[in-house]
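Subject: Structure for your review

Dear colleague,

Please find the structure below, together with its sequence. My notes on what was found in it follow directly after.

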Amino acid sequence: MAMTKTAKPALKTRLQAYQKRIQTPRPAVSGYLTRVVGLTFEAVGCRAPIGSLCAVEAANGDITAEVVGFSGEVIYLMPTEDAHGVLPGARVLPLQQEHGIPMGMGLLGRVIDANGKPLDGKGAIKSGERVTAQRQMINPLARRPVNRPLDVGVKSINALLTVGQGQRMGLFAGSGVGKSVLLGMMTRGTTADVIVVGLIGERGREVKEFIEDILGEEGRERSVVVAAPADQSPLIRLRGCEAAAQIAEYFRDQGLNVLLLMDSLTRYAMAQREIALAIGEPPATKGYPPSVFAKLPALVERAGNGGEGQGSITAFYTVLTEGDDLQDPIADASRAILDGHIVLSRELAESGHYPAVDIEASISRVMPQVVSPEHMQQAMKVRQLFSTYQRNRDLISIGAYSKGSDQRIDQAISMRPIIENFVQQGMTDVIPYDECLQQLQQVATRAGINNGGR
């Protein structure tokens, strides 16, 4: 029997209603906690993808936890806040929301936490959009090459360890040798359009000191600070690093040149180690699980030059060296994935030499591509003189070296005070790139180099 014309619209309406019901997301099924060990919750009875959020019942109201793994029907969660008051068998409800960070020019001058919430008491952040952690990777062949220098306002770096736009550098040092001070100097002296600072795992006192004393009002105007202090959960510290990289990517996509300062890459690795060990991943190298060494390059590779029409992210990652040991597994892995490293010397810091950059142990791998041949030769000559003196310092100090025995050592001794004066700089001083080159030329001329020749 043929279908009548009046029946067709009715059938169409019913099919549309069924389609709408099918497309409507089904309400999440709640589960319950079966075990709590340390910072890890184990729950059954519900399904949620890794990286999603769940609400966990507690005595004083629900707390938020993130899914970090699963085994069979058991899902592992880690709270993003204090887990005080969680009850045995507590209800676990998967949430539909995704945590996103507000993006826009309204971020400039603000201090936020790892979730994008303001910490500076200046009210809500004015933004046109919220961006989730999902990102699209740039084809490595689509990235522009690193071929332009970036001015960071620090003489020893501009002249002897020149950094290129889009380069990823490591800042290696133990505790208390001036890492934060050097980062502050770069924020005030750089020619980058936007500065993104990630303070991860720092003491709360140091966060405030960095923002108010080291960064200052001038540096803060074009900066975004993401703070995840040491008393936060490892999940928040991990997310803080990723949030800083995400904000830098946003500004790069707007065509701006970004300077990303991450303090520190070591604490990012430690946070991932805490999470991985808590969910049962076996330790590998000196207590670090394999996932740590997979996440490090994934974070670092987010920096760099963008494609056509995009800006750049020049990144400095601080790496803590325990007992000033540069063979620490995180330090060793970082050197392999970065485009150079700057080593801060405790010996120089204790002698009042600031910034305490050890130019002999430091290197910028892209410097030959971003400077002129004359600049490169002058920098190499100064580094050679510094290295020659350091290798023979003990003989010179005890008077065992006789003047005239070696012409190179004689020259290194005569040039030592000139070079030391050149590489030192006051904490509040900003030396532009061109002025650094002029001073380097003067030092090189004193050392016997003129117009790039011997």
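The sulfur of Cys 54 has its closest cysteine sulfur in Cys 46, at 5.6 Å, which is too far for a bond, given that a disulfide is taken as a pair of cysteine sulfur atoms within 2.5 Å. The structure accordingly holds 0 disulfides. Cys 54 is buried, with a relative accessible area of 0%, and Cys 46 is buried too, with a relative accessible area of 5%; here buried means under 20% relative accessible area, exposed means over 50%, and partly exposed covers what lies in between, with a 1.4 Å probe and protein chains only.

Before going further, please note that this is a predicted model, in which local features need pLDDT of at least 70 and side-chain atom pairs count only at pLDDT 80 or more, while totals for chains, interfaces and linings use all residues. Residues are numbered from 1 along each chain as its sequence is written, and side-chain values use heavy atoms, with hydrogens and water left out.

As to the chain as a whole, its secondary structure comes to 14 helices and 19 strands, where helices (H or I, at least four residues) and strands (E, at least two) are DSSP runs numbered from the N terminus. The C-alpha trace spans about 110 × 55 × 40 Å along its principal axes, and buried residues make up 50% of the 454 residues in the protein chain. Among the contacts with a separation of 6 or more, 70% are accounted for by residues 24 or more positions apart, a contact being heavy atoms within 4.5 Å. The chain is divided into domain 1 (31-94), domain 2 (101-370) and domain 3 (375-447), with bounds that come from an automatic or database domain assignment. Between domain 1 and domain 3, the C-alpha centres lie 59 Å apart.

Strand 2 pairs in the antiparallel sense with strand 1 (residues 31-37) over 5 bridges, where two strands count as paired if DSSP finds at least two bridges between them. In this pairing, Glu 42 of strand 2 has Arg 35 opposite. The hairpin of strand 1 and strand 2 has 2 residues between the strands, and Gly 38 in this hairpin takes a positive phi near 60 degrees. Strand 2 also pairs with strand 5 (residues 74-79), again in the antiparallel sense, over 3 bridges, and Ile 75 in strand 5 is the bridge partner of Ala 43.

Strand 12 comes next. Because 6 of the 6 residues of strand 12 (residues 168-173) are buried, the strand is largely enclosed by the rest of the structure. Arg 168, Gly 170 and Phe 172 point one way from strand 12, whereas Met 169, Leu 171 and Ala 173 point the other way, and all are buried. Strand 12 and strand 17 (residues 312-320) run parallel and are joined by 6 bridges, with Met 169 opposite Phe 316 of strand 17. Strand 12 is also paired with strand 18 (residues 340-343), in the parallel sense over 3 bridges, and His 341 in strand 18 is the bridge partner of Gly 170.

Lastly, the aromatic rings. A search of the whole structure finds 2 aromatic pairs. Tyr 250 and Phe 251 form an edge-to-face pair, at 5.4 Å centre to centre and with 75 degrees between the planes. For these counts, rings of Phe, Tyr and Trp (its six-membered ring) pair if their centres lie within 6.5 Å, and planes under 30 degrees apart count as stacked, over 60 as edge-to-face and the rest as tilted. Tyr 250 is buried, with a relative accessible area of 16%, as is Phe 251, with a relative accessible area of 0%. The rings of Tyr 288 and Phe 293 have centres 6.2 Å apart and planes at 70 degrees, so this pair is edge-to-face. Tyr 288 is buried, at a relative accessible area of 3%, whereas Phe 293 is partly exposed, at 25%. Arg 273 lies over the face of Tyr 288, at 4.3 Å from the ring centre; a charge sits over a ring if NZ of Lys or CZ of Arg is within 6 Å of the ring centre and within 35 degrees of the ring normal.

With best regards
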